[in-house]
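Please open the model in your viewer and keep the selection panel at hand. The stops below are meant to be followed in order.

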Amino acid sequence: MRKRLKPLWRCPKCGEWFVTENMWHSCGKYSLETLFAKTEPHVFKLFKKFSRMVRACGPVRMIPQKTRVVFQVRVRFAGCYPRKSYLICSLGLPRKFNSPRFVKIEEYTQQFVGHQFRVTSESDLDDEVQGWLREAYRVGEQQGLTK
Ligand SMILES: [Zn+2]
């Protein structure tokens, strides 16, 4: 059974949605064009593939920020940091996952563990990543939480 959750708050200025009212954010100032302006062309292709894989999990909002693009259902559960010749992708997973592919793992809460991995070619965006994304999507929905 799905939990009933509090409705989201929508910023009247930029139209972004948040779990908490008046939450600080960049207020729609950034665009994909500026984020990817200095990257090599294939990096944007990698981002497009990653975003297709995110959308395959369900409806999401994509929000360009100053240094990254984030994906949100209720909360932000995935993101991409463009680098000159590759992407760093980050996921919020419901527990710590063990894989040599993760370059950084940060436990924010017990049910929200940040995992970062590098994507340098399309073959890095494989079925394993899609599996992680499905788990991260549930974190984004706040459906994995116990309270
Ligand atoms: Zn705003």
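The coordinates shown are a predicted model.

Begin by selecting residues 127–141, which form helix α3. The helix has 15 residues and spans 21 Å from its first C-alpha to its last, close to the 21 Å expected at 1.5 Å a residue. Next, colour its buried residues: Val129, Gln130, Trp132, Leu133, Ala136, Tyr137, Val139, Gly140 and Glu141.

What covers these buried residues of α3? Display α2 (41–55), β5 (76–82), β6 (87–93), β7 (102–109) and β8 (112–119), which are included in that cover. Before leaving the helix, step to Gln142, which follows α3 and has a positive phi, near 60°.

Now turn to the largest nonpolar core, a set of 31 residues. Select Phe50, Phe77, Leu87, Leu91, Phe117 and Leu133, the residues with the most contacts inside this core. Two or more core residues come from each of α1 (32–35), α2, β4 (69–72), β5, β6, β8 and α3. The greatest contribution is that of α2, with 6 residues.

Centre the view on Phe117. Leaving aside residues up to four places away in sequence, Phe117 touches Phe50, Leu87, Ile88, Cys89, Leu91, Arg101, Phe102, Val103, Val129 and Trp132.

For the last stop, select Arg55 in helix α2. Is this residue buried, partly exposed or exposed? Arg55 has a relative accessible area of 42% and is therefore partly exposed. With residues up to four places away in sequence again left out, Arg55 touches Val60 and Met62. A distance drawn between the C-alpha atoms of Arg55 and Leu133 reads 9.6 Å, although the two residues lie 78 residues apart along the chain.

Note on methods: Residues are numbered from 1 along each chain as its sequence is written. This is a predicted model: local features need pLDDT of at least 70, side-chain atom pairs count only at pLDDT 80 or more; totals for chains, interfaces and linings use all residues. Side-chain values use heavy atoms; hydrogens and water are left out. Helices (H or I, at least four residues) and strands (E, at least two) are DSSP runs, numbered from the N terminus. The expected span of a helix is 1.5 Å times one less than its number of residues. Buried means under 20% relative accessible area, exposed over 50%, partly exposed in between (1.4 Å probe, protein chains only). Contact means heavy atoms within 4.5 Å. A nonpolar core is a set of buried Ala, Val, Leu, Ile, Met, Phe, Trp, Tyr and Cys residues joined through side-chain atoms within 4.5 Å.
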